[in-house]
There are 2 protein chains.
Amino acid sequence: MNTPLATQVSERLREDLLTRSLLPGQQIVQEALAERYGVSRVPLREALKELEAEGLVIHEPHRGYFVTELNAAEMAEVYSIRALLEADAIRRACKRLSDADLAHIDELRRAFEGALLHADLETIASANRAFHFAIFDACGLPRLVRLLRTLWDATDAYRSLYFQDSGTHEHICAEHLAHMEALTRRDAEGAVETQRLHRERSVLIVSSSL
Amino acid sequence: MNTPLATQVSERLREDLLTRSLLPGQQIVQEALAERYGVSRVPLREALKELEAEGLVIHEPHRGYFVTELNAAEMAEVYSIRALLEADAIRRACKRLSDADLAHIDELRRAFEGALLHADLETIASANRAFHFAIFDACGLPRLVRLLRTLWDATDAYRSLYFQDSGTHEHICAEHLAHMEALTRRDAEGAVETQRLHRERSVLIVSSSL
DNA sequence: AATGGAACGATTGGATCCAATATACACGAT
DNA sequence: ATCGTGTATATTGGATCCAATCGTTCCATT
């Protein structure tokens with residue numbers, strides 16, 4: 001393979017965090033995990049350093065890496081930073097969205113709806129991301145998008161249940177649709193608001209599990 | 001020493017980036033740098049992965065790490081994200097600043113003025129940070145502060161000249177003082193504005209070097 | 001002279017090995 | 001019985017060594 005192991009391992013780690021194969025608070029025993037991944041400890045440690053910089057794990061010298069636990073306040077903090085950055089990204093995106101962009105985004109929206117019906121958690125989550133980040137991407141600020149990605153990652157471990165309850169499926173789809181419509185109207189403030197509602201409802205569900 | 005080498009190395013790297021001992025665009029040859037730091041390549045590589053996650057260096061598989069180069073647009077992006085986050089941090093901080101906090105911050109402000117007169121670049125830069133981040137810290141959102149820190153780091157390599165020109169010293173001190181006064185009045189919007197002016201002038205100077 | 005390609009050298013990527021540190025447990029003193 | 005002390009073990013941290021990859025140079029061919 002061309003891509004370094006450390007990169008693959010960091011992907012795999014994110015996956016395991018999302019699917020709660022690694023639980024918040026849990027210690028990451030390097031040797032055990034390295035063996036499970038079929039690699040040595042070196043690339044694993046590099047991957048862990050990367051995730052540490054993103055706040056997904058914390059490192060205590062000579063004690064080890066632990067999956068970050070978020071309390072209610074920290075969860076709220078992540079979401080409030082998201083609120084700021086997403087609002088900005090959406091305002092900028094609205095000014096730049098081409099019709100082709102919109103068509104593409106709506107495609108992703110429908111793909112997500114499809115995934116909701118008959119796909120596993122990971123596929124659903126990734127389809128959801130694809131939809132939202134196609135919008136963020138249009139803001140034209142790659143660094144901002146990267147920050148948003150790490151913020152989304154930070155709460156991933158707690159979001160698994162968000163897509164579980166099928167009662168929320170309709171809510172989500174309705175919110176996505178409303179968001180889509182605001183974007184189509186190039187209604188920046190409207191889109192900021194639909195995204196806000198969408199996010200607030202998700203934080204409510206996610207927080208309930210704490 | 002108690003703290004791991006990888007941590008020390010990442011500190012040292014930031015230092016070398018700030019002081020332009022490592023220049024934007026330059027490749028980082030691991031073995032050479034490891035030897036210069038007196039460590040092996042392993043902790044160096046971990047440190048580099050950390051800095052990569054913060055955007056200070058970029059990694060090209062099988063080619064190596066390179067010090068990130070910012071063009072004008074990317075520089076503007078960093079500063080516009082800073083604008084968003086700093087405004088929020090300051091608003092929150094204003095509501096929470098105790099008199100003791102203010103006294104402490106003003107102390108740091110005076111310490112910075114002292115450093116300007118008779119200290120090297122690195123000391124000045126760190127005194128400046130101490131002042132601004134004492135304010136940010138008061139917002140009570142540690143993650144937000146951490147994000148701000150990495151954003152400041154991202155442009156550090158280009159800021160060295162900011163403190164060089166002694167003509168700007170008075171400007172900086174005046175701006176700090178105005179900021180301080182707004183904070184003392186607990187005038188959130190005023191403080192946001194003084195910080196904005198301060199930042200805009202700095203981006204102007206820094207951008208002129210591109 | 002220009003282009004394609006093979007071999008070499010330099011550098012990165014990964015694994016194994018050894019050292020340092022922290023935690024747990026047993027033991028003894030008060 | 002409780003607290004402190006020392007030892008043992010598991011785990012992390014770091015260095016060395018080997019393998020894989022990339023870039024360059026040199027040569028052959030057109």
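Q: How many residues of chain B are in contact with chain A?
A: Keep in mind that this is a predicted model. In it, 32 residues of chain B are in contact with 33 residues of chain A.

Q: And how much area do chain B and chain A bury between them?
A: About 2800 Å², with 61% of that on carbon and sulfur atoms.

Q: OK, what about charges? How many salt bridges are there between chain B and chain A?
A: The count is 2. R45(A) forms a salt bridge with E46(B), and the closest N and O atoms there are 2.8 Å apart.

Q: Which elements of chain B give two or more residues to the side that touches chain A?
A: Helix 3 (41-53), helix 4 (72-96) and helix 7 (142-159) of chain B. Helix 4 of chain B gives the largest share, 8 residues.

Q: How do the residues on that side of chain B divide by class?
A: The side of chain B that touches chain A has 16 nonpolar, 5 polar and 11 charged residues.

Q: Switching to the DNA. Which residues come nearest to DNA strand C?
A: L5(A), S40(A), R63(A), R41(B) and H59(B), out of 22 residues around DNA strand C. As for the DNA atoms, sugar and phosphate make up 71% of those of DNA strand C that come within 4 Å of the protein.

Q: What lies 2.4 Å from a phosphate oxygen of DNA strand C?
A: A backbone N or O atom of L5(A).

Q: Which elements give two or more residues to the surface near DNA strand C?
A: From chain A, helix 1 (5-18) and helix 3 (41-53); from chain B, strand 1 (27-28) and helix 3.

Q: Now DNA strand D. Which residues are closest to DNA strand D?
A: R41(A), H59(A), L5(B), S40(B) and R63(B) are the closest of the 22 residues that surround DNA strand D.

Q: What lies 2.9 Å from a base nitrogen of DNA strand D?
A: A polar side-chain atom of R41(A). There are phosphate contacts too: a backbone N or O atom of S40(B) lies 2.9 Å from a phosphate oxygen of DNA strand D, and a side-chain N or O atom of R63(B) is also 2.9 Å from a phosphate oxygen of DNA strand D.

Q: And how do the residues of the surface near DNA strand D divide?
A: Into 10 nonpolar, 8 polar and 4 charged.

Q: Last topic, domains. What does the domain assignment of chain A give?
A: Domain 1 (5-67) and domain 2 (72-207). Taken over C-alpha atoms, the centres of domain 1 and domain 2 of chain A are separated by 27 Å. Each domain gives 9 residues to the contact.

Q: What's the area buried between domain 1 and domain 2 of chain A?
A: About 860 Å², and carbon and sulfur atoms give 64% of it. The salt bridge count between domain 1 and domain 2 of chain A is 1. R14(A) also forms a salt bridge with D153(A), with the closest N and O atoms 3.2 Å apart.

Key: Residues are numbered from 1 along each chain as its sequence is written. Chains are lettered from A and ligands numbered from 1 in the order in which they are written. This is a predicted model: local features need pLDDT of at least 70, side-chain atom pairs count only at pLDDT 80 or more; totals for chains, interfaces and linings use all residues. Side-chain values use heavy atoms; hydrogens and water are left out. Contact means heavy atoms within 4.5 Å. Buried area is the accessible area (1.4 Å probe) that two parts lose on being put together, summed over both. A salt bridge is a side-chain nitrogen of Lys or Arg within 4 Å of a carboxyl oxygen of Asp or Glu. Helices (H or I, at least four residues) and strands (E, at least two) are DSSP runs, numbered from the N terminus. Ala, Val, Leu, Ile, Met, Phe, Trp, Tyr, Cys and Pro count as nonpolar, Asp, Glu, Lys and Arg as charged, and the others, Gly among them, as polar. A residue is near a molecule or strand if one of its heavy atoms lies within 4 Å of it. A polar contact is a pair of N or O atoms within 3.5 Å; within protein, one must be able to donate a hydrogen and the other to accept it, and residues adjacent in sequence count only if both atoms are side-chain atoms. Domain bounds come from an automatic or database domain assignment.
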